[in-house]
Amino acid sequence: MNTPPGHDMACRQCLTPLNILNGTYCHPSHLPDPGHQPQPTPVSAMEIVNRRCDFCGDPFPLWQLDTGDLTVIAGTADTQLLQNLGSSWAACHPCWTDIDTTSPAQLTHKAIRGLGITADPHTVAHLSALHHTLIEHRRPGRTLITTTPWPPAAIGAADLPKIRTRLAAFLAGTDRLPAPMDAHRQQIQASLARAHLYWIDPAFTELAQHAATSLPPDAITAELAPCDDGLLAWPHPVTARHITAISWTRQPSGHTVTVYRTIGNGLPDPHIQHLRQQIGWLAPAATHHLTQSSTAVHPAVAVAAATWLLITQQAAETVEAPPAKAARNTARRTGKPAPPVRIVRIKPATPAGTIHTGDAGKRLYRNRFWVTGHWRNQPYGPGRTQRRLVYISPFLRGPHDAPITATTTVRALTTRPPAATANPGKDENP
Ligand SMILES: [Zn+2]
Ligand SMILES: [Zn+2]
């Protein structure tokens, strides 16, 4: 009945962990009819898994603990659910706290409430025995569950130094990460100490996301990075997989690139405080090796590459953010200056040489709006023998201090031409 450790499978379509029943993968009992056949995929190959806390059913499990194979005497249909989960267990932060402080009664109480189990004496005794055994036989240490789809949290520019410090401390600690990310943790931690910090403003993030969709895959190489070590955060997730930050470090054979999700958003106090102290804000979701000729890259790496390119071609301006009050206080106390955060934002003026003015200059725009752009392989250097990718677009039209119109932003982010009736009078190619 049990899945061998390290061979967990989840359904590719609904991202739910699968159980094995009579040698066949099946959806768990809380999903009796999801409307499709299970599509088993190894969990190790998935970035998001809709796993639940094995103790209370909470949808945001944080830690995996291992017990070795526990043989549980089959009981009611409810305890069958727990029995099928094998030797590794997923715990939300509150349940982990109960396990760590050896509070099996609390754990049982939460399970009965969370899983909606009928609290008859037989079931309570059975669950209680299971929780006692589990606490007694758990193995040392814990592994961060990096596939939990936490609700995204907004990252501010001034928070980046603190976020970097916590992430580095977590990587230096003893809590495990899933392999193969665990193999890179020292390298990433050392790199964070040297990293330049970048925060991308919302408008520039949208432009980079849009530009990434048309970036030729073979153009995404390690050479685009503006520095050897960096940590870059977007104000909102840039992929469907909730990726909101990326770090990179130059290695002899290319760059090690790590993508991150925000973690813990929505947890009540004091659990959120504990989580911020123990882990911080970012959980690594995947590590990639980016060489000079990478062909298949993570969608977030493509957005990062577009961001790097737009920075290099100076479509963006980079300004230093004033450090947060806490960072200033730390700097005063320790005598070390607060690290600068580079905010990357849309340049106030459209870059010369890449503008198609048409009759736009005659129009009076009260808002700025996106128009579609494209990458061009532009010659440069002695005799114009070399080529570099340049994003060609009057990508933002309108006064530089005007607000950016959401509706036209949406239109420009589609790959199809806008419908003839949509927004008449705001043509992108007048
Ligand atoms: Zn499914
Ligand atoms: Zn729980």
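**Reading a predicted chain: a dialogue**

Modeller: The secondary structure of this chain comes to 11 helices and 18 strands. The model is a predicted one.

Biologist: What share of the 430 residues is buried?

Modeller: Buried residues make up 37% of them. As for contacts with a separation of 6 or more, 72% join residues 24 or more positions apart.

Biologist: How do I read a nonpolar core, and which residues of the largest one touch the most other members?

Modeller: In soluble globular proteins, nonpolar side chains tend to be buried together. Here the largest nonpolar core has 84 residues, and those touching the most other members are Ala 91, Cys 95, Ala 208, Ile 246, Val 301, Ala 305 and Ala 306. Helix α9 (residues 299-312) gives this core its largest share, 11 residues. Leaving aside residues up to four places away in sequence, Ala 305 touches Leu 215, Ile 220 and Leu 224. Another core, of five residues, lies apart from the largest one; Met 9, Ala 10, Leu 18 and Val 49 are among its members.

Biologist: Now a helix. Which residues of α5 are buried?

Modeller: An α-helix has 3.6 residues a turn, so residues three or four places apart point the same way. In α5 the buried residues are Leu 160, Pro 161, Ile 163, Arg 164, Leu 167, Phe 170 and Leu 171.

Biologist: How many residues lie between β16 and β17 in their hairpin?

Modeller: Five, and Gly 381 in the turn has a positive phi of about 85°. Strands β16 (residues 374-380) and β17 (residues 386-392) pair in the antiparallel sense over seven bridges. Gln 378 has Arg 388 in β17 as its bridge partner.

Biologist: Why does Pro 340 count as partly exposed?

Modeller: Because Pro 340 has 15 C-beta neighbours inside 10 Å, and the partly exposed class falls between 12 or fewer for exposed and 20 or more for buried. Pro 340 is in the loop between α10 (325-334) and β14 (341-346). Its C-alpha is 9.0 Å from that of Tyr 198, 142 residues apart in sequence.

Technical notes:
Residues are numbered from 1 along each chain as its sequence is written. Chains are lettered from A and ligands numbered from 1 in the order in which they are written. This is a predicted model: local features need pLDDT of at least 70, side-chain atom pairs count only at pLDDT 80 or more; totals for chains, interfaces and linings use all residues. Two strands pair if DSSP finds at least two bridges between them. Helices (H or I, at least four residues) and strands (E, at least two) are DSSP runs, numbered from the N terminus. Two residues are in contact if their C-beta atoms, placed from the backbone, lie within 7 Å. A nonpolar core is a set of buried Ala, Val, Leu, Ile, Met, Phe, Trp, Tyr and Cys residues joined through C-beta atoms within 7 Å.
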